[in-house]
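Q: I would like to learn how to read pockets, cores and domains in a model. Can we go through them one at a time?

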Amino acid sequence: MTVTYSSKVANATFFGFHRLLLKWRGSIYKLLYREFIVFAVLYTAISFMYRLLLTGAQKRYFEKLSIYCDRYAEQIPVTFVLGFYVTLVVNRWWNQFVNLPWPDRLMFLISSSVHGSDEHGRLLRRTLMRYVNLTSLLIFRSVSTAVYKRFPTMDHVVEAGFMTADERKLFEHLRSPHLKYWVPFIWFGNLAAKARKEGRIRDSVDLQSLMTEMNRFRSWCSLLFGYDWVGIPLVYTQVVTLAVYTFFFACLIGRQFLDPTKGYSGHDLDLYIPIFTLLQFFFYAGWLKVAEQLINPFGEDDDDFETNWCIDRNLQVSLLAVDEMHMSLPKMKKDIYWDDSAARPPYTLAAADYCIPSFLGSTVEMGCLLSLGPPVQDLFQTKTVGVRPAWRGLAMGL
């Protein structure tokens, strides 16, 4: 399930964001703790070997190696490569969310355009809407591991009610090596054209609007399929991963605390815990883990998209809209502001501070100064009179 914390950061308070650091689910600690423990253990083992196991000559050689690794590790452009990569992944992740297929626009059109309160009209609307939901299910099955685990075969799709047994026969009879998510769209278009001939859709403009919106929905589905098919080039992902892990492999040796008595530059202190190196690992490796989690949001991570919830919500809401709510209207009544030309909803005591006067423009304050009295008015008049001749001269010169 997606981790939501928006209500906790609605207002900026003292140490407000620090409370988020205590969360475990969906946190960087949960993603990174294994790698962090491995890095700390390896660093401790190398430090223990340097301090207790190596001889004098071996220590001198290790110290030279440590200085060498520390000097050249900084030449690895980790920040640049990783920052650009994470930006690319986050933009791609957000675009996939924005283009999730939602059937709301189609269900509004179907409910208002396909007429008939009898059983056949009800069947038309529900079937059209079922084809829409079937298409999104087929797309989600092809890109989401969570949905595929829920509907691993077409038997499960039929059993869930998205497809009838006869429709499945037609679907499987079509021999195509490609993904056949587009088949329900063809059924949708054919059924909509039939409804127009029968007079259930009374205007060709309504039919055109319905088909236009159906094509928009198809574009969303195709875009998700495209994102799944063409990902970020593997070579770029490999470069970033190698850059991060090579940098910290060099840090295992290069960031060791050396014997202060040898006078090496930057090794005046001998500490056992490399605090800033551990923090650097936490930030850089955590940055990489963010990209690893967001690069495919249709998996089963804590912050991946809830595709199964989308399927449940879309089916229930869309069928409700085109069936029970078809031509369902509440009784019209006069609103409470019927005879009030200055309508203004009331405020509770908790919201009283938000009752503010309307903004009329920044020059209103000048009007307030003019209303203070004759001295202020004379000041404005004197400045105006003094400026006018200059403006006249400028105008004559032009």
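This is a predicted model: local features need pLDDT of at least 70, side-chain atom pairs count only at pLDDT 80 or more; totals for chains, interfaces and linings use all residues.

Q: What else describes the second largest pocket?

A: It is lined by 13 residues, and R255, F257, P274, F276 and T277 lie nearest its centre. Its space is about 200 Å³, a volume being the space filled by probe spheres set on grid points joined across faces, edges and corners. The lining divides into six nonpolar, five polar and two charged residues. In this scheme Ala, Val, Leu, Ile, Met, Phe, Trp, Tyr, Cys and Pro count as nonpolar, Asp, Glu, Lys and Arg as charged, and the others, Gly among them, as polar.

Q: Which residues are closest to the centre of the largest pocket?

A: The largest pocket holds about 940 Å³ of space. Of its 30 lining residues, V3, Y5, G26, Q293 and D303 are closest to the centre. Helix α12 (275–294) is among the elements that supply at least two lining residues, along with α1 (28–53), α3 and α13; α12 gives the most, seven. By class, this lining has 21 nonpolar, five polar and four charged residues.

Q: Is Q293 buried or exposed?

A: Buried means under 20% relative accessible area, exposed over 50%, and partly exposed in between (1.4 Å probe, protein chains only). Q293, in helix α12, has a relative accessible area of 10%, so it is buried. Beyond its neighbours within four places in sequence, Q293 is in contact (heavy atoms within 4.5 Å) with L31, D301, D302, D303 and D304.

Q: How does W93 count by relative accessibility?

A: W93 is in helix α3 (residues 78–98) and counts as partly exposed because its relative accessibility is 23%. Neighbours within four places aside, its contacts are L294, P297 and F305.

Q: Which residues touch the most other members of the largest nonpolar core?

A: In soluble globular proteins, nonpolar side chains tend to be buried together. A nonpolar core is a set of buried Ala, Val, Leu, Ile, Met, Phe, Trp, Tyr and Cys residues joined through side-chain atoms within 4.5 Å. The largest one has 46 residues, and L106, I110, M129, F140, V157 and F188 touch the most other members. Its largest share, eleven residues, comes from α5. Apart from it lies another core of 35 residues, among them F39, L252, F257 and Y284.

Q: What does the domain assignment give?

A: Domain bounds come from an automatic or database domain assignment. Here the assignment gives domain 1 (13–98 + 234–303) and domain 2 (105–229). Their C-alpha centres lie 48 Å apart, and the contact takes six residues from domain 1 and eight residues from domain 2.

How values were computed: Residues are numbered from 1 along each chain as its sequence is written. Side-chain values use heavy atoms; hydrogens and water are left out. Helices (H or I, at least four residues) and strands (E, at least two) are DSSP runs, numbered from the N terminus. On a 1 Å grid over the protein atoms alone, a cavity is a set of points where a 1.4 Å probe fits but cannot get out, and a pocket is an open set with protein on both sides within 12 Å along at least five of seven lines; lining residues have an atom within 4 Å of a point.
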